[in-house]
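I opened the model and took notes on helix packing, the sheet and the ligand shell.

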Amino acid sequence: MLDRMVPKADLNRFIDRLASEQTVAAPVAEGPSIRFQAIRAAHEIAEHYLPTALPPSKYLLPVKETLLQFRLGEHIEMEPVLEAPEVIVFGIRPCDLHALALLDAIFIDDKHDGHYAARRRRITLVGMECLEPCDDRCFCHSMETLEVHANYDLLLTDLGDDVYVAVGSPKGRDLFAGLTGAREALYEDRTRLRRAHEARDAAFTPRLDVSFDQLPGLLAESADSLLWDVLGEKCLSCGACTNVCPTCYCFDVGDELDLDLATGRRYRTWDSCQLDAFAMVGTGESFRKPRAMRVKHRLNRKGRYIMERYGRQGCVGCGRCARACLVDINPIEVFNQLKGQPASRTVR
Ligand code: SF4
Ligand code: SF4
């Protein structure tokens, strides 16, 4: 599909019109944090932004969603609830597009989850390339998620007064068809894009001492590292790291009964492997009781298990967990310490 070039002023007018006609979400500054939320006009979009407090996956896996309604009686009647609002999400960073590709692989290709799939069909993904590092906690370059070549409808690159638009799907092409001022990208435009990418590549440096595809081996070798005990002593088990992570998707399922004791609903809600009750079984025991085991489990999910199962990065290097952690547990430091220390040595 042919890429396009559009003056920024025309793009902003286009966003204004879209936002007056349908739900458009974008990163908006709210105090010190940036959140994806519905906008009414382009000027509400934050200009320079760190990764949002919560990732855009919240539009596909809401914090709490009803799965079905039921009525108790001689037979239990059940009806699925599929709430899938149409939404255009603007300004998704490449790391988050990689995370959404992982969620698609899990919830659509592997699990055939109807609720996720219904939301996914009605969401339009408009990415925004990163041309400079967010801060010292992001490590997308090391996880090879700085560049994205698929899983978006449109991908924008800010070239000053103009925006380069890569069209990634028929949905993106149709959305963009309504934009006046856009024209086909020419050779000179591609040259400008290439120069922007060269400057970007010079600005990003590797933060990990291992490549992302060496992480599974490193973590397997480090199963008995005493570093896990050190991290377990520090960790507060608050679950903030998993709540903000774009590749975390674990949920709990519960039933709510109405006051009539006859009708109710089944819901699912976010859960966290860092919480004490997560691994509790019916007899009351938890098979991951020590905090060290939970921290080790999370970082193995991110660097090893998901890669082994799905062949994709389980961590996209966004740095959200490190920014959210009150005791500074940072995957960059953990992976680099594991790399630098023999597995049997204490790291203090
Ligand atoms: S583990 Fe941390 S850095 Fe990796 S994707 Fe999750 S929040 Fe981002
Ligand atoms: S945010 Fe930090 S303290 Fe809280 S559970 Fe995660 S690693 Fe532990």
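I looked up what the buried residues of α12 pack against: α7 (215-221), α8 (227-234), α10 (291-310) and α11 (320-324). Contact here means C-beta atoms, placed from the backbone, within 7 Å. Helices (H or I, at least four residues) and strands (E, at least two) are DSSP runs, numbered from the N terminus.

This is a predicted model: local features need pLDDT of at least 70, side-chain atom pairs count only at pLDDT 80 or more, and totals for chains, interfaces and linings use all residues. Residues are numbered from 1 along each chain as its sequence is written, while chains are lettered from A and ligands numbered from 1 in the order in which they are written.

I then listed the buried residues of α12 (residues 331-340): P331, V334, F335 and L338. Buried means 20 or more other C-beta atoms within 10 Å of a residue's own, all placed from the backbone. These residues lie on the same side of α12, because they cover an arc of only 90° around the axis. The arc is taken over directions from the helix axis to the C-beta atoms.

Next, the sheet. I read an open sheet of 8 strands with mixed pairing, in the order β3-β2-β6-β7-β8-β9-β1-β10. Pairing takes at least two DSSP bridges between two strands. The edge strands β3 (33-38) and β10 (183-184) each pair on one side only. I checked β7 (residues 123-128) against β8 (residues 154-158): they pair in the parallel sense over 3 bridges. M128 has L156 in β8 as its bridge partner.

Last, ligand 1. I found 13 residues around ligand 1, with C245, C315, C318, R320 and C321 coming nearest. Around means a C-beta atom, placed from the backbone, within 6 Å of the molecule.

Definitions and conventions: Buried ≥ 20, exposed ≤ 12 C-beta atoms within 10 Å, placed from the backbone. Contact = placed C-beta atoms within 7 Å.
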